[in-house]
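Work through the exercises below with the structure in view. Try each task before reading its solution.

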Amino acid sequence: MIKILLCCASGMSTSLLVEKMKRAATKQNVEAEIWAVNAENTDLKDVEADIIFLGPQVRYAKEEIQKTVGSIPVYMIGMKDYGMMNGDSVLAQALEYLGK
C-alpha cells in the first residue's frame with residue numbers, strides 16, 4: 001500500500017484530484033491511500049506518507065514542508081495536470097518517483 005498526500009491552499013480543489021487518483025489506482029490495481037490536506041493549517045511533522053504532492057498554489061511552501069517532513073519526498077503537481085485534474089498522470093508520477 002502506498003500513501004500519497006496532496007497539499008493545497010484549502011483542500012477543496014485537491015479533493016477532486018484525490019478522487020480521480022483513487023479511480024486511477026483502482027483501474028490499475030494499485031493499493032493506495034490518497035488524501036488531501038490544507039498545507040497551511042495542518043501540522044505535517046508526524047504525517048505518515050510515502051510521497052507528498054503540492055498544488056501549484058502552495059509552491060512557495062515547498063522548502064518549509066520538505067524540512068518539516070524530513071525524508072518524505074515532496075514534489076509539485078504540474079500546472080497542466082492540476083488544472084485538468086489529471087489523476088492518471090499524477091498517480092503515474094507518484095509511482096515513478098517511488099520506483100513502483
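Predicted model: local features only at pLDDT ≥ 70, side-chain atom pairs only at ≥ 80, totals over all residues.

**Exercise 1. The partners of strand E1**

Task: State how many bridges join E1 to E3 and how many pair E1 with E2. Then name the residues opposite Leu 6 in E2 and in E3.

Solution. 
Step 1. Strand E1 (residues 2-8) and strand E3 (residues 51-54) run parallel and are joined by four bridges.
Step 2. Seven bridges pair E1 with E2, also in the parallel sense.
Step 3. On the E2 side, Leu 6 stands opposite Ala 36. On the E3 side, the bridge partner of Leu 6 is Phe 53.
Step 4. Another residue with a place opposite E3 is Leu 5, which faces Ile 52.
Step 5. As for cover, six of the seven residues of E1 are buried, which leaves the strand mostly covered.

**Exercise 2. Helices on the sheet**

Solution. 

**Exercise 3. Cys 8 and Val 37**

Task: Decide whether Cys 8 is buried or exposed, and list its contacts beyond four places in sequence. Then do the burial step for Val 37.

Solution. 
Step 1. Cys 8 is found in strand E1. The UniProt record, an unreviewed entry, places the feature "modified residue: Phosphocysteine" at Cys 8.
Step 2. The relative accessible area of Cys 8 is 0%. Buried means under 20%, so Cys 8 is buried.
Step 3. With neighbours within four places in sequence left aside, Cys 8 is in contact with Thr 14, Val 37, Asn 38, Ala 39, Gln 57, Val 58 and Tyr 82.
Step 4. One of these contacts, Val 37, has its place in strand E2. Its relative accessibility is 16%, so Val 37 counts as buried.
Step 5. Val 37 and Ile 77 are 40 residues apart in sequence, and their C-alpha atoms are 14 Å apart in space.

**Exercise 4. Aromatic rings**

Task: Classify the ring pair of Tyr 75 and Tyr 97, and say how many residues separate the two in the chain.

Solution. 
Step 1. The count of aromatic pairs comes to three.
Step 2. In the pair of Tyr 75 and Tyr 97, the ring centres are 3.8 Å apart and the planes make 20°. Planes under 30 degrees apart count as stacked, and this pair is stacked.
Step 3. Tyr 75 is in strand E4 (residues 74-76) and Tyr 97 in helix H4 (residues 87-97), 22 residues apart, and the pair links distant parts of the chain.
Step 4. Tyr 75 has a relative accessible area of 26% and is partly exposed. Tyr 97, at 37%, is partly exposed.
Step 5. Ring pairs link Phe 53, Tyr 75 and Tyr 97 into a cluster.

Notes
Residues numbered from 1 in each chain as written. Heavy atoms only, no water. Phe/Tyr/Trp six-rings, centres within 6.5 Å; stacked < 30°, edge-to-face > 60°. Buried < 20%, exposed > 50% of the residue type's maximum accessible area, 1.4 Å probe, protein only. Pairing = 2+ DSSP bridges. UniProt positions renumbered as here; feature names shortened; annotations may be inferred. Contact = heavy atoms within 4.5 Å.
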